Amino acid sequence: MTSPQYTIAKEAYYKGIGLHTGNLCQIVFKPAPENTGVTLVRTDLPGNPQIQALYTNVISVIRGTTVGNDVMRVHTIEHVLSAVYALGIDNLILELNANEPPVADGSSRVFFDTLKESGLVAQKAERQVLRPTERIEYRSGDTEVILEPADALKLTIVLQYKHPLISTQEVSFTIEPELYRAEISPARTFCFDYEVEALKKQGLAKGGSLDNAVVVGLDRIHNKEKKLRFPDEFARHKTLDLLGDLFLLGRRLQAHVKAVRPGHGHNVNFVKLLAEKLLTEDSHAVHRT
């Protein structure tokens, strides 16, 4: 059984501020030709330089995933890519007039809705999907990411924090658009209140506020609502992040991925491991579907 590649039917855009840079910015979504993947374009720089959303272009994983080259970089791309992955979009042009997409409310819901409203169009080329036939393990310190063969993409996240408001959380989802929209996309990025000052000293979180991140105190949630969108919102957001980072593989994945104590650095290293094991010309793990 084969399935085509997809792009969007018409141009769409969203405006807001960047989480870490605090810059006002706009992201414009445009249809893209088949077999081109996701291309990030900086319209604010001379010559409108561009870069592919691929693991080989990742240059930083500090509090987000950043891609870049000698002339440009784009920070915190994982939330947009997560929505792109969940919707089944293969080819897309993302034009930005700053160095980071808007953070919106710290989730991916607005990106999902904006892209869905623009409509999806099937293309002539067939989609290539990686369907691993063997277990793949990544371990680093207390983090482990285990891939098992499966009939669909399923993500399981286990969070373990020595904090009374988080403790251990585990969620598991088979990725498909409507479930993603309802159960994953609303989950917001989070940090601890004691981290805020340190982040700002590092030049990060300049655009962060209680409107676009969950700030966790010792015994309370500091957001205006004083509550979470889900009891396990933290684990759900880590699911959102992992899906976005998995897009950087450049191929869709059909497998069960279980991640214990994940983060962007580990996610990207896991993607590099998958590429090393699966993206070879003679690999039997690559199938058209």
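This is a predicted model: local features need pLDDT of at least 70, side-chain atom pairs count only at pLDDT 80 or more; totals for chains, interfaces and linings use all residues.
Biologist: Which residues in α3 meet which in α5?
Modeller: Tyr180, Glu183 and Ile184 in α3 meet Arg236, Thr239, Leu240 and Leu243 in α5. Contact means heavy atoms within 4.5 Å. Helices are DSSP runs (H or I, at least four residues) and strands are E runs of at least two, numbered from the N terminus.
Biologist: What are those residues by type, nonpolar, polar or charged?
Modeller: The α3 contact with α5 divides into four nonpolar, one polar and two charged. Ala, Val, Leu, Ile, Met, Phe, Trp, Tyr, Cys and Pro count as nonpolar, Asp, Glu, Lys and Arg as charged, and the others, Gly among them, as polar.
Biologist: New topic. Where is His75?
Modeller: His75 is in the loop between β8 (73–74) and α1 (78–87).
Biologist: Buried or exposed?
Modeller: His75 counts as buried, because its relative accessibility is 19%. The cut-offs are under 20% relative accessible area for buried, over 50% for exposed, and partly exposed in between (1.4 Å probe, protein chains only).
Biologist: What does His75 touch?
Modeller: Thr21, Thr65, Thr66, Asn99, Glu100 and Pro101, not counting residues up to four places away in sequence.
Biologist: Which residues are buried in α2?
Modeller: In α2 (residues 109–118), Phe111, Phe112, Thr114, Leu115 and Ser118 are buried. Gly119 follows α2, with a positive phi near 85°.

Note on methods: Residues are numbered from 1 along each chain as its sequence is written. Side-chain values use heavy atoms; hydrogens and water are left out.
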